[in-house]
Amino acid sequence: MKRSINKAAVLGAGVMGATIAAHLANVGIPTYLLDIVPNQLTPEEEKKGLTLESPQVRNRLATGAIQALLKAKPAPFYVPENAALLTPGNFEDNMNVLAECDWIIEVVVERLDIKQGLLKKVEAARKPGSIVSSNTSGISINKMCEGLSQEFKQHFLGTHFFNPPRYMKLLELIPCSETLPEIMEFMRDFGERVLGKGVVICKDTPNFIANRIGVYGMCATIKAMMEFGLTVEEVDALTGRVMGRPKSASFRTLDMVGLDVMLHVAKNVYDVATDPKEKAVFEPAGFLLKMLDNKWLGDKTKQGFYKKVKTEKGREVLVLDYNTMEYRPKQEVKFASLEAAKQAGKPAKQMKALLSGKDKGAQFVWSVTRDALIYAANLLGEIAGDIQSIDDAMKWGFNWDFGPFETWDILGVQEVADRIKAEGGTVPKVVENLLASGRTSFYEKKDGVRFYFDHNTGESVQERIPEGVIFLAPLKEQNKVLKSNSGASLIDIGDGVLCLEFHSKANAIGDDIVNMMNYAVKEVEQNYEGLVIGNFGQHFSVGANLFLVLMEAEDDEFDELDIMVDEFQKANMRLKYCKKPVVAAPHGMTVGGGCEICLHSHKVNAAAETYMGLVEVGVGLVPGGGGCKELAFRAADLMPPKSMVTVGGVNTVQPMINRAFENIAMAKVATSAYEAIKLGYMRPTDLVSANRDRIIGDAKRQVLKMAEEGFRPLQPKKMKAAGDAGYAALELAIQTMVWGKQISEHDAKIAKKVAYILTGGGVTPGTEVTEQDLLDLEREAFLSLLGEPKTLDRMRYMLKYNKPLRN
């Protein structure tokens, strides 16, 4: 029987339980959210005449959690409508619903006795064969299911989500000693494919993989900070991007996570550690316990290692002096090693440069890095079966650029081992075995495929890549690139499908990308089944190369700008009317020209975390690559004749044009691919992949499906414009906003140009207009606004501060 998860239950409506339930709803799974029954009424409930037996009282915790989800930032739901898939309940009245569920997740307080008691009730209520899991962050999975039936244990495991579940990639799966292998395989596939996670299999040890190593690193960092006499801001300067870690570095991250959470996870290991040295690292420093007593826990209590205060100059961020336990202004951080590292280029080179320094900052970083590398290497085999699992867990759970074993390779395994020996330390056995085998690194590449050192056999094992995932880097190393330039490459991804990959800075669109778009269409039409447009950059594309556009405008090169815009419009039109299927695979920021490329593709297969929109108004411009035109024509397609509104006796598309105008004029950016569908940037027939790693493989499958089904190229068509009457309606709305001081006069000028384009350029309502008519209007408006000093000011401000200027 093919297993599936059609309904789920989450037991525990705290922050973690509620957000896990929200993510299950995100992927379309109806979910029960249950919690305890309150033992007293709130004042509001008393006023309403409710009693402890009233259902709304008994379900209060779960109902309140769902309401809180709708207000939470960042949003746990892809779209608010997903909340309708959650049904609140409680442990006393609603345990019977577990019999309907294919997956039951326990997410109650981190106490073994409470979890064991709840799981006994679950065993009595569930249906045979249903999967039960615990979201514990470190309690033993085997101890939790002690005394339960064999069948229960065979379907029981740990599923450790990282917070917030929608956004964090890591999902740790922990089997108990009797979990069936097929259950683990199913959950791994389900986690990767449906939930969009990076799944790592862990062993049932305290804190599993990521928290075990990550919290060790945090504890070691704090102790080294005190030993070297460094300040909080010095440590954060030394342990952020320059070390391949998030910008939030150490203490800003700890403020976001919560000091209480970190100390709880640390205690899990401290309580069971038998090695005195390991135990000492996890023992909390005295000032941490004072912070805990003071409730200086971080962001949730408004102060932790950092504290925001209001001053005469505005908001200021103060930092904790852990010696005096007082907050003070941040001080400038100066280390020669740090400055040298910042000039070294990419993160791997920055890390090497920093660790090769001789000052106190470099010595501190070496001390912390050395201890973390030794710790991770010594835990191999105890917490995970292979080095890939450890590296993936740290990259996906803590947002490190490199895992511990990748870091060994970057710094040089032999060099690090020699330095450890020279300092009188002990080199981990796995490192000695690696070097003894004649290898100099834990990873090696063969024909673009990465292999890792298997510590059990001493052999090289191919890195695991989930079925259906296509990464472009190995294909490029396997000489699958047909053509390449500074901004883009055209890659053969197999089965007669090509992939157009952008790789300019921020994947900004310039002449190089436009030229490759034209070449790709020509090549695909002549020799291939279809085209995917996708990449694995941080973002799909941030739109046009703003710096280049500004430079040309400042030099009054308007003829050149006219050609640039015209060429981009033509390239997008070639995509739209390509004789073979074109599927865009966006992710991350997909704005401006990046959004326009998607609008002109035959289908979009987006990552769920795709933030799409036409944002040109924010820099004083209008969409110039066909974005206005596409939304206008889609508005015409979306309006069924019977519901079309009459303006001046002529049927128009005004209601949907109004939506398009609002999206463009307000520079609305969808906060998920599903919201992009709501806003009209994507079609209801477009597809969404929860896992970003899968988008190119999924898009390729769509290309092949469309080709197999007999794809036919689109034929040009016209639309009936809303005309001058439609423009007048929008103009009135714009002017009302000016009178209300909601927008500036310059905002109004831009908005009127958007309205003019969308309504057909002042024609009589109902006049048929072509796509080229609207493209000409776009280009004319785009170029005219580049002649406005206030637009150039906005562009300069955006390039300098990366946020829009209102003038």
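Helices here are DSSP runs of H or I with at least four residues, numbered from the N terminus. On that basis, tryptophan 396 sits in helix α18, which covers residues 387-398. Before I go on, note that this is a predicted model.

I'll stay with tryptophan 396 for a moment. Is tryptophan 396 buried or exposed? Its relative accessibility is 18%, and buried means under 20%, so tryptophan 396 counts as buried. What does it touch, once neighbours within four places in sequence are set aside? The contacts of tryptophan 396 are Met168, Lys169, Leu170, Gly198, Val199 and Val200. Take valine 200 from that list: tryptophan 396 and valine 200 are 196 residues apart in sequence, yet their C-alpha atoms are 9.5 Å apart in space.

Next, salt bridges. The count comes to 52. I'll show three of them.

One is between arginine 370 and aspartate 371, whose side chains meet at 3.0 Å, N to O. Aspartate 371 has 25% relative accessibility and so counts as partly exposed.

Another pairs arginine 450 with glutamate 463, with the closest N and O atoms 2.7 Å apart. Arginine 450 is in strand β13, residues 449-453, while glutamate 463 is in the loop between β14 (460-462) and α22 (472-477), so this pair ties together parts that are 13 residues apart in sequence. Glutamate 463 is buried, at a relative accessible area of 17%. This pair also belongs to a network: salt bridges with shared partners join Asp392, Lys395, Glu406, Arg450 and Glu463.

The remaining example is lysine 629 with glutamate 630, where the closest N and O atoms are 2.8 Å apart. Both of these residues are buried.

Now the surface. There is a patch of negative charge made up of Asp511, Asp555, Asp556, Glu557, Asp559, Glu560 and Glu567. Which element gives the largest share of the negative patch? That is helix α25, residues 558-576, with three residues. Aspartate 555, also in the patch, is placed in the loop between α24 (546-554) and α25.

The relative accessibility of methionine 551 is 35%, so it counts as partly exposed. Patch members need over 30% relative accessible area, so methionine 551 passes that cut-off.

That is what I have; questions are welcome.

How values were computed:
Residues numbered from 1 in each chain as written. Predicted model: local features only at pLDDT ≥ 70, side-chain atom pairs only at ≥ 80, totals over all residues. Heavy atoms only, no water. Patch = residues over 30% accessible without salt bridge, like charges linked within 9 Å, V, L, I, M, F, W, Y side chains within 5 Å. Areas by Shrake-Rupley, 256 points an atom, 1.4 Å probe, with all protein chains shown as cover. Salt bridge = Lys/Arg side-chain N within 4 Å of Asp/Glu carboxyl O. Lys, Arg positive; Asp, Glu negative; His and termini not counted. Charge placed at Lys NZ, Arg CZ, Asp CG, Glu CD. Helix = DSSP H or I, 4+ residues; strand = E, 2+ residues; numbered from the N terminus. Buried < 20%, exposed > 50% of the residue type's maximum accessible area, 1.4 Å probe, protein only. Contact = heavy atoms within 4.5 Å.
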